[in-house]
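I opened a new notebook page for this structure. I wanted to look at one strand first, then at the ligand site.

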Amino acid sequence: MPGKDLLMDIDFGALYRRQARASTFQARTAADWDQRAEHRSRREKGSDYAREFLARLDLADAETILDIGCGTGNLALPLARRVHRVHALDFSAEMLRLLRANARAEGVRNLTVHRLAWADDWSRLPRIDIAICSRAMAVDDLSAALQKMNAQARIRCYLTLHAGTTFLSEDVYRVLRRPVVPRPGYIYAVNILYQMGLRARVDFLRTTGGLTYDTPEQFVEGIRWRLGSLTAAEEKRLLAYFSGLPREADGTARYRHDFEWALLSWEKAAR
Ligand SMILES: C[S@@+](CC[C@H](N)C(=O)[O-])C[C@H]1O[C@@H](n2cnc3c(N)ncnc32)[C@H](O)[C@@H]1O
(Lines give C-alpha, C1' and ligand atoms only; values in the text may rest on other atoms or scores of the structure.)
Protein backbone atom coordinates (compact mmCIF):
# COMPACT_ATOMS: atom_id res chain seq x y z
CA MET A 1 0.00 0.00 0.00
CA PRO A 2 1.52 3.38 -0.90
CA GLY A 3 1.78 5.73 2.06
CA LYS A 4 0.16 9.10 2.43
CA ASP A 5 1.45 11.96 0.22
CA LEU A 6 2.46 14.55 2.82
CA LEU A 7 2.57 17.27 0.18
CA MET A 8 -1.23 17.16 0.09
CA ASP A 9 -1.32 18.42 3.70
CA ILE A 10 0.52 21.65 2.92
CA ASP A 11 -1.79 24.64 2.66
CA PHE A 12 -0.06 26.43 -0.25
CA GLY A 13 -2.96 28.91 -0.44
CA ALA A 14 -2.32 30.05 3.13
CA LEU A 15 1.45 30.27 2.55
CA TYR A 16 0.86 32.31 -0.61
CA ARG A 17 -1.45 34.70 1.26
CA ARG A 18 1.08 35.20 4.07
CA GLN A 19 3.94 35.87 1.67
CA ALA A 20 1.83 38.18 -0.54
CA ARG A 21 0.61 40.21 2.44
CA ALA A 22 4.13 40.60 3.82
CA SER A 23 5.60 41.48 0.41
CA THR A 24 7.02 44.87 -0.56
CA PHE A 25 4.75 44.69 -3.64
CA GLN A 26 1.09 45.04 -2.82
CA ALA A 27 -1.72 44.49 -5.34
CA ARG A 28 -2.85 47.64 -7.15
CA THR A 29 -6.43 48.89 -7.20
CA ALA A 30 -8.57 49.44 -10.31
CA ALA A 31 -7.87 53.19 -9.94
CA ASP A 32 -4.10 52.51 -9.91
CA TRP A 33 -4.43 50.50 -13.13
CA ASP A 34 -6.57 53.25 -14.70
CA GLN A 35 -3.51 55.50 -14.44
CA ARG A 36 -1.30 53.00 -16.30
CA ALA A 37 -3.74 52.26 -19.14
CA GLU A 38 -2.56 54.87 -21.65
CA HIS A 39 1.11 53.99 -21.15
CA ARG A 40 0.48 50.24 -21.46
CA SER A 41 -1.73 50.63 -24.53
CA ARG A 42 1.11 52.42 -26.32
CA ARG A 43 3.98 50.29 -25.09
CA GLU A 44 2.57 46.78 -25.30
CA LYS A 45 1.50 46.85 -28.94
CA GLY A 46 3.54 44.16 -30.69
CA SER A 47 5.83 43.65 -27.65
CA ASP A 48 8.07 40.62 -27.71
CA TYR A 49 6.21 39.35 -24.62
CA ALA A 50 2.91 39.29 -26.57
CA ARG A 51 4.60 37.54 -29.50
CA GLU A 52 6.18 34.90 -27.25
CA PHE A 53 2.95 34.31 -25.31
CA LEU A 54 0.73 34.01 -28.40
CA ALA A 55 3.20 31.67 -30.11
CA ARG A 56 2.82 29.14 -27.28
CA LEU A 57 -0.97 28.84 -27.33
CA ASP A 58 -2.58 25.72 -28.72
CA LEU A 59 -5.97 26.87 -30.02
CA ALA A 60 -6.93 23.56 -31.66
CA ASP A 61 -10.68 22.96 -31.28
CA ALA A 62 -11.12 26.33 -29.56
CA GLU A 63 -13.88 28.71 -30.60
CA THR A 64 -14.09 30.89 -27.52
CA ILE A 65 -11.50 32.41 -25.20
CA LEU A 66 -11.71 34.28 -21.89
CA ASP A 67 -8.85 36.75 -21.32
CA ILE A 68 -8.72 37.57 -17.59
CA GLY A 69 -7.02 40.89 -16.78
CA CYS A 70 -7.03 41.69 -20.50
CA GLY A 71 -5.76 45.29 -20.15
CA THR A 72 -6.00 47.22 -23.40
CA GLY A 73 -6.13 44.13 -25.60
CA ASN A 74 -2.57 43.28 -26.65
CA LEU A 75 -3.56 39.58 -26.48
CA ALA A 76 -7.36 39.70 -26.75
CA LEU A 77 -7.29 41.54 -30.10
CA PRO A 78 -4.89 39.25 -32.00
CA LEU A 79 -6.74 36.27 -30.48
CA ALA A 80 -10.07 37.59 -31.73
CA ARG A 81 -8.75 37.09 -35.27
CA ARG A 82 -8.11 33.43 -34.56
CA VAL A 83 -11.32 32.31 -32.83
CA HIS A 84 -15.06 32.89 -33.00
CA ARG A 85 -15.35 35.09 -29.88
CA VAL A 86 -13.12 36.52 -27.16
CA HIS A 87 -14.49 37.52 -23.76
CA ALA A 88 -12.24 40.18 -22.26
CA LEU A 89 -12.39 40.75 -18.51
CA ASP A 90 -10.75 43.48 -16.45
CA PHE A 91 -11.64 45.61 -13.41
CA SER A 92 -10.12 48.86 -14.76
CA ALA A 93 -12.62 51.07 -16.61
CA GLU A 94 -9.82 52.94 -18.36
CA MET A 95 -8.16 49.74 -19.62
CA LEU A 96 -11.52 48.66 -21.03
CA ARG A 97 -12.17 52.06 -22.62
CA LEU A 98 -8.85 51.81 -24.48
CA LEU A 99 -9.52 48.15 -25.33
CA ARG A 100 -12.80 49.18 -27.02
CA ALA A 101 -11.04 52.03 -28.86
CA ASN A 102 -8.26 49.67 -30.04
CA ALA A 103 -10.86 47.12 -31.17
CA ARG A 104 -12.72 49.79 -33.17
CA ALA A 105 -9.49 51.04 -34.74
CA GLU A 106 -8.56 47.48 -35.77
CA GLY A 107 -12.07 46.55 -36.96
CA VAL A 108 -12.42 43.76 -34.37
CA ARG A 109 -16.10 43.06 -33.64
CA ASN A 110 -16.16 39.61 -32.03
CA LEU A 111 -15.16 40.83 -28.57
CA THR A 112 -17.36 40.92 -25.46
CA VAL A 113 -16.13 43.11 -22.63
CA HIS A 114 -16.80 42.36 -18.95
CA ARG A 115 -15.93 44.85 -16.25
CA LEU A 116 -15.29 42.48 -13.36
CA ALA A 117 -12.64 41.84 -10.71
CA TRP A 118 -11.21 38.46 -9.78
CA ALA A 119 -13.15 38.53 -6.53
CA ASP A 120 -16.52 39.44 -8.14
CA ASP A 121 -19.35 37.04 -8.90
CA TRP A 122 -18.63 35.45 -12.30
CA SER A 123 -21.81 33.39 -12.49
CA ARG A 124 -23.05 35.37 -15.50
CA LEU A 125 -19.88 34.76 -17.51
CA PRO A 126 -20.29 32.08 -20.17
CA ARG A 127 -18.12 28.97 -20.06
CA ILE A 128 -15.47 29.17 -22.75
CA ASP A 129 -13.02 26.77 -24.40
CA ILE A 130 -9.75 28.36 -23.30
CA ALA A 131 -9.08 30.66 -20.33
CA ILE A 132 -5.95 32.80 -20.32
CA CYS A 133 -4.63 35.08 -17.62
CA SER A 134 -1.48 36.93 -18.55
CA ARG A 135 0.42 38.89 -15.89
CA ALA A 136 -2.86 39.64 -14.12
CA MET A 137 -3.17 37.14 -11.27
CA ALA A 138 -3.17 39.83 -8.57
CA VAL A 139 -5.24 38.08 -5.93
CA ASP A 140 -5.20 37.43 -2.21
CA ASP A 141 -6.78 33.99 -2.52
CA LEU A 142 -4.77 32.10 -5.17
CA SER A 143 -6.57 28.79 -4.63
CA ALA A 144 -9.98 30.37 -5.20
CA ALA A 145 -8.74 32.20 -8.32
CA LEU A 146 -7.27 29.02 -9.82
CA GLN A 147 -10.52 27.13 -9.12
CA LYS A 148 -12.49 29.93 -10.73
CA MET A 149 -10.31 30.08 -13.84
CA ASN A 150 -10.28 26.31 -14.22
CA ALA A 151 -14.07 26.04 -13.81
CA GLN A 152 -14.59 28.57 -16.61
CA ALA A 153 -12.65 26.61 -19.26
CA ARG A 154 -13.74 23.55 -21.21
CA ILE A 155 -10.42 22.63 -22.89
CA ARG A 156 -7.33 24.22 -21.29
CA CYS A 157 -5.89 27.19 -19.39
CA TYR A 158 -2.81 29.38 -19.75
CA LEU A 159 -1.47 31.51 -16.92
CA THR A 160 1.66 33.65 -16.70
CA LEU A 161 3.11 34.57 -13.34
CA HIS A 162 6.28 36.42 -12.55
CA ALA A 163 9.10 33.88 -12.31
CA GLY A 164 11.23 36.13 -10.15
CA THR A 165 10.22 37.46 -6.79
CA THR A 166 10.61 41.23 -7.15
CA PHE A 167 9.49 43.68 -9.80
CA LEU A 168 12.54 45.94 -9.57
CA SER A 169 16.25 45.31 -9.96
CA GLU A 170 18.49 44.86 -6.94
CA ASP A 171 20.28 48.18 -7.50
CA VAL A 172 17.01 50.10 -7.06
CA TYR A 173 16.67 48.65 -3.57
CA ARG A 174 20.28 49.49 -2.83
CA VAL A 175 19.62 53.09 -3.88
CA LEU A 176 16.44 53.21 -1.81
CA ARG A 177 18.17 51.49 1.12
CA ARG A 178 15.05 49.46 1.72
CA PRO A 179 14.78 45.76 2.45
CA VAL A 180 12.81 43.73 -0.08
CA VAL A 181 10.23 41.20 1.00
CA PRO A 182 9.73 39.03 -2.10
CA ARG A 183 6.43 38.20 -3.71
CA PRO A 184 5.30 34.57 -3.72
CA GLY A 185 6.48 33.00 -6.98
CA TYR A 186 4.80 30.84 -9.61
CA ILE A 187 5.65 27.62 -7.75
CA TYR A 188 2.75 28.11 -5.31
CA ALA A 189 0.34 27.91 -8.26
CA VAL A 190 2.00 24.75 -9.61
CA ASN A 191 1.53 23.09 -6.22
CA ILE A 192 -2.06 24.22 -5.73
CA LEU A 193 -2.95 22.93 -9.21
CA TYR A 194 -1.26 19.63 -8.34
CA GLN A 195 -3.41 19.39 -5.23
CA MET A 196 -6.45 20.06 -7.45
CA GLY A 197 -5.47 17.04 -9.55
CA LEU A 198 -4.15 19.19 -12.41
CA ARG A 199 -0.64 18.70 -13.82
CA ALA A 200 0.62 22.03 -15.04
CA ARG A 201 3.27 22.31 -17.72
CA VAL A 202 5.76 25.10 -16.96
CA ASP A 203 7.63 27.07 -19.56
CA PHE A 204 9.66 30.26 -19.12
CA LEU A 205 9.44 33.40 -21.22
CA ARG A 206 12.44 35.70 -21.13
CA THR A 207 11.34 38.97 -22.65
CA THR A 208 12.96 42.37 -22.87
CA GLY A 209 11.57 45.65 -21.65
CA GLY A 210 9.63 44.36 -18.63
CA LEU A 211 10.23 47.81 -17.26
CA THR A 212 11.58 50.65 -19.35
CA TYR A 213 11.72 54.28 -18.29
CA ASP A 214 13.06 56.88 -20.69
CA THR A 215 13.16 59.94 -18.43
CA PRO A 216 14.07 60.52 -14.76
CA GLU A 217 10.49 61.67 -14.03
CA GLN A 218 8.98 58.51 -15.57
CA PHE A 219 11.45 56.44 -13.59
CA VAL A 220 10.59 57.98 -10.20
CA GLU A 221 6.87 57.85 -10.99
CA GLY A 222 7.17 54.17 -11.99
CA ILE A 223 8.93 53.28 -8.74
CA ARG A 224 6.31 55.20 -6.75
CA TRP A 225 3.51 53.36 -8.58
CA ARG A 226 5.06 50.05 -7.56
CA LEU A 227 6.14 50.82 -4.01
CA GLY A 228 3.82 53.58 -2.79
CA SER A 229 5.10 56.84 -1.35
CA LEU A 230 8.78 57.80 -1.50
CA THR A 231 10.59 60.23 0.78
CA ALA A 232 12.21 63.35 -0.70
CA ALA A 233 15.65 61.84 0.07
CA GLU A 234 14.73 58.60 -1.76
CA GLU A 235 13.52 60.55 -4.79
CA LYS A 236 16.76 62.50 -4.86
CA ARG A 237 18.85 59.33 -4.73
CA LEU A 238 16.74 57.72 -7.49
CA LEU A 239 17.22 60.77 -9.74
CA ALA A 240 20.97 60.70 -9.14
CA TYR A 241 21.03 56.97 -9.93
CA PHE A 242 19.08 57.52 -13.17
CA SER A 243 21.41 60.29 -14.34
CA GLY A 244 24.39 57.96 -13.73
CA LEU A 245 22.99 55.16 -15.95
CA PRO A 246 25.09 54.34 -19.03
CA ARG A 247 24.05 56.35 -22.09
CA GLU A 248 22.50 54.57 -25.05
CA ALA A 249 23.57 55.16 -28.67
CA ASP A 250 21.16 58.11 -28.98
CA GLY A 251 22.74 59.77 -25.93
CA THR A 252 19.80 59.23 -23.55
CA ALA A 253 19.78 57.31 -20.30
CA ARG A 254 17.22 54.55 -19.99
CA TYR A 255 16.34 52.27 -17.07
CA ARG A 256 15.54 48.75 -18.17
CA HIS A 257 14.74 45.72 -16.11
CA ASP A 258 13.90 42.55 -18.01
CA PHE A 259 11.44 40.10 -16.52
CA GLU A 260 11.20 36.38 -16.72
CA TRP A 261 7.68 34.94 -16.78
CA ALA A 262 6.55 31.44 -15.93
CA LEU A 263 3.88 30.20 -18.32
CA LEU A 264 1.71 27.53 -16.72
CA SER A 265 -0.70 25.57 -18.88
CA TRP A 266 -2.96 22.68 -18.11
CA GLU A 267 -5.60 20.59 -19.78
CA LYS A 268 -8.99 20.16 -18.21
CA ALA A 269 -9.01 16.73 -16.59
CA ALA A 270 -12.49 15.71 -17.72
CA ARG A 271 -14.38 17.28 -20.59
C1 LIG B 1 0.07 43.87 -16.13
S2 LIG B 1 -1.53 44.16 -16.83
C3 LIG B 1 -1.62 42.77 -17.96
C4 LIG B 1 -2.42 43.07 -19.21
C5 LIG B 1 -2.37 41.93 -20.25
N6 LIG B 1 -3.02 40.74 -19.75
C7 LIG B 1 -0.93 41.65 -20.61
O8 LIG B 1 -0.37 40.62 -20.23
O9 LIG B 1 -0.34 42.51 -21.27
C10 LIG B 1 -2.60 43.64 -15.51
C11 LIG B 1 -4.08 43.82 -15.84
O12 LIG B 1 -4.82 43.11 -14.87
C13 LIG B 1 -5.89 43.91 -14.40
N14 LIG B 1 -6.15 43.51 -13.02
C15 LIG B 1 -5.30 43.60 -11.97
N16 LIG B 1 -5.89 43.13 -10.86
C17 LIG B 1 -7.14 42.72 -11.23
C18 LIG B 1 -8.23 42.16 -10.52
N19 LIG B 1 -8.15 41.94 -9.21
N20 LIG B 1 -9.36 41.87 -11.20
C21 LIG B 1 -9.45 42.10 -12.54
N22 LIG B 1 -8.45 42.66 -13.27
C23 LIG B 1 -7.30 42.95 -12.61
C24 LIG B 1 -5.36 45.35 -14.53
O25 LIG B 1 -6.40 46.30 -14.62
C26 LIG B 1 -4.52 45.27 -15.79
O27 LIG B 1 -5.29 45.57 -16.92
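Entry 1, the strand. I checked burial along strand E1 (residues 64-68). I found 5 of its 5 residues buried, so E1 is largely enclosed by the rest of the structure. I keep in mind that this is a predicted model.

I then sorted the E1 residues by direction. Thr 64, Leu 66 and Ile 68 point one way. Ile 65 and Asp 67 point the other way. Both sets are buried.

Entry 2, the neighbours of the strand. I looked up which strands pair with E1. Strand E2 (residues 85-90) pairs with E1 in the parallel sense, over 5 bridges. In that pairing I noted Ala 88 of E2 as the bridge partner of Asp 67. Strand E4 (residues 128-134) also runs parallel to E1, joined by 4 bridges. There, I found Cys 133 of E4 opposite Ile 68.

Entry 3, the ligand. I listed the residues around the ligand and got 18. Gly 69, Asn 74, Asp 90, Ser 134 and Arg 135 come nearest. By class, I counted 10 nonpolar, 5 polar and 3 charged residues in the shell.

A polar backbone atom of Gly 69 is 2.7 Å from a ligand nitrogen atom. For Asp 90, a side-chain N or O atom is 2.6 Å from an oxygen atom of the ligand. For Arg 135, a polar side-chain atom lies 2.7 Å from a ligand oxygen atom. Last, I checked cover: on its own the ligand has 590 Å² of accessible area, and the protein covers 95% of that.

How values were computed
Residues are numbered from 1 along each chain as its sequence is written. This is a predicted model: local features need pLDDT of at least 70, side-chain atom pairs count only at pLDDT 80 or more; totals for chains, interfaces and linings use all residues. Side-chain values use heavy atoms; hydrogens and water are left out. Buried means under 20% relative accessible area, exposed over 50%, partly exposed in between (1.4 Å probe, protein chains only). Two strands pair if DSSP finds at least two bridges between them. A residue is near a molecule or strand if one of its heavy atoms lies within 4 Å of it. A polar contact is a pair of N or O atoms within 3.5 Å; within protein, one must be able to donate a hydrogen and the other to accept it, and residues adjacent in sequence count only if both atoms are side-chain atoms. Accessible areas come from the Shrake-Rupley method with a 1.4 Å probe; for residues, only the protein chains shown count as cover. Ala, Val, Leu, Ile, Met, Phe, Trp, Tyr, Cys and Pro count as nonpolar, Asp, Glu, Lys and Arg as charged, and the others, Gly among them, as polar.
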